[in-house]
Amino acid sequence: MDILIINGPNLNLLGVREPGIYGKRDFESYLEELRKRYPEHVLHYCQSNHEGDILDRLQEYGFGRVGGIVLNAGAFTHTSLAIADCISALTVPVVEVHISNVHAREAVRHHSMISGVCRGVIAGFGLDSYRLAIEALLELA
Ligand code: DQA
């Protein structure tokens with residue numbers, strides 16, 4: 001199965017950004033490990049700090065180019081009706097992912113614009129949240 005992982009704003013800073021919350025590991029080395037773990041699947045990856053880029057990638061891949069999408073929309077999770085509308089239009093399942101447990105953090109992070117239009121949500125397991133999302137997509141297939 002082909003799966004697209006999308007990381008939103010500031011997630012290019014993993015390893016450097018607030019390591020007490022997001023950990024000390026950069027995403028690229030974790031992705032390498034994920035690809036080794038799932039040699040029979042193709043893990044596409046993109047990261048963008050720009051909402052429009054994320055919409056473009058969702059539209060490009062979300063009508064069957066991949067079997068599913070793992071999306072960590074970062075702070076756009078809490079603000080973006082445009083990303084929610086886009087996910088609603090797609091034909092492949094999207095799993096919302098967060099590294100941190102957003103519900104254990106500030107109130108502004110408790111609401112997600114996209115949870116209701118995603119297939120499911122995984123939050124709070126560190127980088128392992130991405131692997132759990134992949135497992136969920138593979139189970140659905
Ligand atoms: C995050 C949680 C968001 O609230 C935050 O804005 C992020 C990262 C997470 O992975 O825990 O950028 O999505």
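In the predicted model, an oxygen atom of the ligand lies 2.8 Å from an N or O atom in the side chain of H98, a polar contact being a pair of N or O atoms within 3.5 Å. The side chain of H78 places an N or O atom 2.7 Å from an oxygen atom of the ligand. At I99, a backbone N or O atom is 2.7 Å from a ligand oxygen atom. Of the 320 Å² of accessible area that the ligand has on its own, the protein covers 99% (Shrake-Rupley method, 1.4 Å probe).

Residues with a heavy atom within 4 Å of the ligand include R17, Y22, N72, G74, A75, S100, V102 and R109. This shell divides into four nonpolar, five polar and two charged residues, with Gly counted as polar and Tyr as nonpolar.

The ligand takes up the space of the largest pocket, as more than half of its atoms lie within 2 Å of the grid points. A pocket is an open set of points on a 1 Å grid over the protein atoms alone, with protein on both sides within 12 Å along at least five of seven lines. The volume, the space filled by probe spheres set on the points, is about 150 Å³. Fifteen residues line the pocket, with Y22, N72, G74, A75 and H98 nearest its centre; lining residues have an atom within 4 Å of a point. Six are nonpolar, six polar and three charged.

Local features need pLDDT of at least 70 and side-chain atom pairs pLDDT 80 or more, while totals for chains, interfaces and linings use all residues. Residues are numbered from 1 along each chain, and side-chain values use heavy atoms, without hydrogens and water.

Notes. On a 1 Å grid over the protein atoms alone, a cavity is a set of points where a 1.4 Å probe fits but cannot get out, and a pocket is an open set with protein on both sides within 12 Å along at least five of seven lines; lining residues have an atom within 4 Å of a point. A polar contact is a pair of N or O atoms within 3.5 Å; within protein, one must be able to donate a hydrogen and the other to accept it, and residues adjacent in sequence count only if both atoms are side-chain atoms.
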